[in-house]
Protein chains: 2
Amino acid sequence: MKHTLSVLVENKPGVLTRIAGLFARRGYNISSLAVGETDDPDVSRMTIVVSGDEVVIEQVCKQLNKLVDVIKLTDITDKEFIGREMIFIKVNCPDAKARMEIMQFVDIFRARVVDIGKDTMIIEATGEAAKIDAIEDTLRPFGIRDFVRTGQIAMVRGAKNPKHPKKSN
Amino acid sequence: MKHTLSVLVENKPGVLTRIAGLFARRGYNISSLAVGETDDPDVSRMTIVVSGDEVVIEQVCKQLNKLVDVIKLTDITDKEFIGREMIFIKVNCPDAKARMEIMQFVDIFRARVVDIGKDTMIIEATGEAAKIDAIEDTLRPFGIRDFVRTGQIAMVRGAKNPKHPKKSN
């Protein structure tokens, strides 16, 4: 089962290594990871998507919580949350006909064209993993030249998230 | 100076730990990181943004290239590239007047409302770091409850990017 962990950490060197190491030592592969600064420059937030056995994930979470660098960890898998990622896809676009078709798909998926080259286009899209896969499948016939995706980020719906609760120790 | 590295790696446990470790051992803090699968499930792409001294970054790149897990590393800092990230911002929205104002800002920034709660809204936006900062500043007066950002992803403009060039060894 896929778990989505939202982790507030100290923004300093070595934190990522320690956290990634906890997963790696168990042979767990992080399938997606997004790390970015929060509005407090001393604090970063990691959104980790990892698939694995319930019990072991729980163990890893407990150990993550013990790291001094971890301010707060939440397994939001069972909560109502919005989870999305962003992608860039560079597709072949040799002529006006292909361009028109691609633009139509871009419209349908509420995506955006962010660059046009001599015979390529770069498209930006956001959405859940399933939508991203659908976009990829739709554009594949044109020939995908390049493909980059952010990891998933997630936010719990409604108003319950407190802002940056500092660990009380 | 900020460097943007685009790294194709084997998609397996431990790779992230080794790569993050290379930076951490030098005291270099990765300021943003995005890891996602590519259209080849055995290959992931990391986009790493790191600030630091030119010479040392070059050394780190050389060492990264030596890791067997690294298929291809490109420092795209000096190339013409599109670099963007995505954010979720949860803001306070106590009444209709605030909602109207927020919706206007959303329009101006070509962002999207992705959730409305009893007295909050979640907004999704994509763009360069400067734009993201502007959005954050604009929404701050309403009260930011929560803030998540993906790391930056980047793609070189035009048609030169070869697709998944396997390391020739």
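Between chain B and chain A, 24 residue pairs, with both members at pLDDT 80 or more, are in polar contact, a term that denotes a pair of N or O atoms within 3.5 Å, of which, within protein, one must be able to donate a hydrogen and the other to accept it, residues adjacent in sequence counting only if both atoms are side-chain atoms. The side of chain B that touches chain A draws at least two residues from each of helix 1 (15-24), strand 2 (30-37), strand 3 (43-51), strand 5 (81-92), strand 6 (112-116), strand 7 (120-127), strand 8 (144-149) and strand 9 (153-156) of chain B, where helices (H or I, at least four residues) and strands (E, at least two) are DSSP runs numbered from the N terminus. By class, the residues on this side comprise 25 nonpolar, 17 polar and 19 charged; Ala, Val, Leu, Ile, Met, Phe, Trp, Tyr, Cys and Pro are taken as nonpolar, Asp, Glu, Lys and Arg as charged, and the others, Gly among them, as polar.

The model is a predicted one, in which local features need pLDDT of at least 70 and side-chain atom pairs count only at pLDDT 80 or more, whereas totals for chains, interfaces and linings use all residues. Residues are numbered from 1 along each chain as its sequence is written, chains are lettered from A and ligands numbered from 1 in the order in which they are written, and side-chain values use heavy atoms, with hydrogens and water left out.

In total, 61 residues of chain B are in contact (heavy atoms within 4.5 Å) with 61 residues of chain A. The two chains bury about 5,400 Å² between them, 57% of it on carbon and sulfur atoms, buried area being the accessible area (1.4 Å probe) that two parts lose on being put together, summed over both. Within chain B, the residues that lose the most area to chain A are Arg112(B), Ile153(B) and Met155(B), together 13% of what that side buries.

Six salt bridges are found across this interface, each defined as a side-chain nitrogen of Lys or Arg within 4 Å of a carboxyl oxygen of Asp or Glu; over all chains, the whole structure contains 26. Arg84(A) forms a salt bridge with Glu124(B), with the closest N and O atoms 2.3 Å apart, and this pair crosses from strand 5 (residues 81-92) of chain A to strand 7 of chain B. Arg45(B) likewise forms a salt bridge with Asp146(A), with a separation of 2.7 Å between the closest N and O atoms.

An open sheet of eight strands, in the order 4(A)-1(A)-3(A)-2(A)-2(B)-3(B)-1(B)-4(B), is paired in the antiparallel sense, two strands being paired if DSSP finds at least two bridges between them. Strand 4 (70-75) of chain A and strand 4 (70-75) of chain B stand at the edges, each with a single partner strand, so one side of each is left without a neighbour in the sheet. From one strand to the next, the twist averages 15°. Strand 2 (residues 30-37) of chain A and strand 2 of chain B run antiparallel and are joined by three bridges, with Leu33(A) opposite Val35(B). Five bridges join strand 1 (residues 2-10) of chain B to strand 4 of chain B, where Val7(B) has Leu73(B) as its bridge partner. Helix 1 of chain B packs on the sheet, touching strand 2 of chain A together with strand 1, strand 2, strand 3 and strand 4 of chain B, and its direction makes about 15° with that of strand 3 of chain B; such axes are lines fitted to C-alpha atoms, for helices over the stretch in contact, and angles run from 0 to 180 degrees between N-to-C directions.
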